[in-house]
Structures are given as C-alpha cells and as structure tokens.
Amino acid sequence: MRIDAAYAPVDAFREEVIAGLSQPQKTLPPKYFYDADGSRLFERICRLREYYPTRCELALTRRHLGEIARFAGRGAELIEYGSGASTKTRLLLEALRPRVYVPVDISPAALHSAAVRLARRFPWLRTHGVAGDFMQPLTLPVFRSASRSRRLVYFPGSTIGNLTPEEAQAFLSMTRGLVGQRGAMLVGVDLKKDANVLHAAYNDAQGVTAAFNRNLLARINRELGGDFDLRRFIHYAFYNAALGRIEMHLVSLARQTASVGRHRFGFDLGETIHTENSCKYSVEEFRTLALAAGFRAERVWMDGRRYFALFGLAPT
Ligand code: SAH
Ligand code: AVI
C-alpha cells in the first residue's frame, strides 16, 4: 500500500480561508471539514438515525450488487474520489476484483486508516492512495500495462452534492476525460425528498452535525493560529427549496471579531459563514447534468423509498 501527497495543505488552507472570510457573504470551503477529527465526526454522522444517505446507499448497493458488477466489469483500475473510510467500497472490491484500487481523498488520516484496514481484509488488493483535492487535475499513478486497463471511477456518498451544479458538471467532464471511451463511472446522488426528512438529517438531535460544522473553526484555530470563540458561533442548516440544496452555516451569536494570523474579520450579530451546500437532485436533473458532461446514465439503482440513487454512467 502506498500513499502519494498531491498538494501543499497548510498554504492552500490559509489562502482559501482568508479569501472566503473576505467576501460579503463569508464562506469556507467544505473540503476543510475533514481533518482527523472531522473525518471521525463524519463517520459518526453516518451512523446517526436521522442521516439516511449512508444506510440507503449501502442497502441499494448490497441489493443490486450483481447488476452493478455487470455494469462496472471486473479487473478494472478502480479510482475512488472522496473515499473516506472506504466502507461501501468493500462491497465493490469483492465483486469487481479490480486490478488496482486508487482512493483519492483530501484527508491523509482517513486515507491511511482505510488503507490499513483494507490491506488486512483484502490481502490480494493493490492499493495506491492519493492525498489531494479531486477538483484539481491530479497526477494519478501510472501502472504497468495501463494502456490496456479500463478505468472505473467510483464517487459515492453524494459528495457530488457538495459541489454546485456548475462545479459538478466541470468535475464530471474532467472525469469523462479520465475514463476515456472504454471506462465508466458510478456516482451516488442524494435525491429530492420531503424537506422534513432533509432537515432532520442535517439537524440531528445529538448535535453531531453541529460539532462537525463547528470543527471547521476549531481547525482554523489549531492549524492557522486563529482565535475564533467557539462558544459564540452556532450551527444552522436549512433546506433552500429554490436552489434544491441544504445549506449549512455558522451563525455569529454576537458582534465580534476573529483573527486568522494577521487578518482580522468582523462579524455582526446574526451574520453567517456559509460552510456547505448539499445539493439534492431529481433523477432527471442528474441525468441531464451527466449528459452535458458527456456521460449517458445507462443504469440508475435506487433504494425502496427512492431517497438515494446510484448512477451507472457510460461515455456517450
Ligand atoms: N465516500 C465516503 C465518504 C464521504 S465524506 C462515503 O460515501 O461515506 C466526503 C469525503 O470526501 C471525505 O472523506 C473528504 O475527506 C473527501 N473530500 C471532500 N472534498 C474533497 C476534495 N475536494 N478532494 C478530495 N477529497 C475530498
Ligand atoms: C459528504 N457529504 C455528502 C455530506 C452531505 O450530506 O452533504 C457531508 C455532511 N454534511 C453534513 N452532514 C453530512
């Protein structure tokens, strides 16, 4: 098992935080949720009663595994974006027996612990992780006889929902270029549904999602020498029906200032930092988005309640 580092984490983090907090609507990029603490909190979110996406996607993957494997094919080069704990991937690894597995994640801690567990469970598997940002063109490892191997990109968890539709289309186009005419993509997409179900999933009773959101400020304090007062920011998540997305914010409970290094930022009472979008699609909306990026939705697998979909995308 090998892990390559493909970015300079602290410099990029500092620059993006300062740029985001300098805008009229302050924002922070959600990819920075996932330090070691954030990745652990996300794993706790996945086990919450209210957070349906993980259970739905696991259930539908188990239920349709035979068909998914027929669509995806055996012996491919399996590239997974935002692999995290690689939990759902275990089902695919067993069914697809890929020639090599390339997990790509911004969190080196998550990549490392997943790779160790996978090595124990699948001693035959060749894993070559890449710690980096999947929105940037990455140098993926080149394997011997790569010219003959087929590329399959797996992007589960509805992490694609954390991109705006424009970013998602650009990301899909880039992936289309990566897999070429012989490859394919499997992408998990959270579907539009009753807003109460969505609201509960992002406002869990135990406050784990709130802790996940606030950890972003704690991380800025730890890694960038920030002085955010965590007692004076609260978690706020709501469904923006017009834009079809959950928005997560951190709300300032006072008029206050906070510094990041030598930069100072002022907050009004009630002012928010927009930390995440989680876009929800209808099957038709996502089909159209994929088509604009050069992918045909050849298969769509869903759970019984149609909460979540796994799209099997093939090049047009
Ligand atoms: N695939 C897992 C984890 C989803 S959580 C699942 O389905 O449960 C989202 C994952 O994507 C996290 O592990 C996070 O570290 C990673 N991630 C988020 N933004 C990223 C980016 N821009 N580049 C690379 N990885 C990213
Ligand atoms: C990783 N991503 C798909 C999660 C989501 O549902 O948008 C992140 C998350 N944010 C709050 N809870 C979970």
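I count a residue as near a ligand if one of its heavy atoms lies within 4 Å of it. The model I am looking at is predicted.

**Ligand 1**

I looked up the surroundings of ligand 1 first. By that cut-off, 17 residues surround ligand 1. The closest are G82, K88, D105, D133 and F134. I sorted the shell by class and got five nonpolar, seven polar and five charged residues.

Next I went through polar contacts. K88 places a polar side-chain atom 2.6 Å from an oxygen atom of ligand 1. On the nitrogen side, I found an N or O atom in the side chain of D133 at 2.9 Å from a nitrogen atom of the ligand. I106 takes part through its backbone: a polar atom there is 3.1 Å from a nitrogen atom of ligand 1. How much of ligand 1 does the protein cover? I noted 93% of the 570 Å² of accessible area that the ligand has on its own.

**Ligand 2**

I then turned to ligand 2. Its shell holds 14 residues, and Y51, N162, Y202, E276 and S278 are the closest. By class I have seven nonpolar, six polar and one charged. I also checked which elements contribute: α2 (36–46), α9 and β12 (272–279) each supply at least two residues of this shell.

The polar contacts I wrote down for ligand 2 involve oxygen atoms of the ligand and side chains of the protein. For Y51, an N or O atom of the side chain is 2.5 Å from a ligand oxygen. For S278, I read 2.6 Å between a polar side-chain atom and an oxygen of ligand 2. For N162, the distance from a side-chain N or O atom to a ligand oxygen is 2.9 Å. Ligand 2 exposes 340 Å² when taken alone, and the protein buries 98% of that.

**Nonpolar cores**

Last, I looked at the cores. Which residues have the most contacts inside the largest nonpolar core? I found L186, I220, F228 and I273, in a core of 60 residues. Helix α9 (residues 208–224) gives this core its largest share, six residues. I had already listed α9 as a supplier to the shell of ligand 2.

Note on methods
Residues are numbered from 1 along each chain as its sequence is written. Chains are lettered from A and ligands numbered from 1 in the order in which they are written. This is a predicted model: local features need pLDDT of at least 70, side-chain atom pairs count only at pLDDT 80 or more; totals for chains, interfaces and linings use all residues. Side-chain values use heavy atoms; hydrogens and water are left out. A polar contact is a pair of N or O atoms within 3.5 Å; within protein, one must be able to donate a hydrogen and the other to accept it, and residues adjacent in sequence count only if both atoms are side-chain atoms. Accessible areas come from the Shrake-Rupley method with a 1.4 Å probe; for residues, only the protein chains shown count as cover. Ala, Val, Leu, Ile, Met, Phe, Trp, Tyr, Cys and Pro count as nonpolar, Asp, Glu, Lys and Arg as charged, and the others, Gly among them, as polar. A nonpolar core is a set of buried Ala, Val, Leu, Ile, Met, Phe, Trp, Tyr and Cys residues joined through side-chain atoms within 4.5 Å. Buried means under 20% relative accessible area, exposed over 50%, partly exposed in between (1.4 Å probe, protein chains only). Helices (H or I, at least four residues) and strands (E, at least two) are DSSP runs, numbered from the N terminus.
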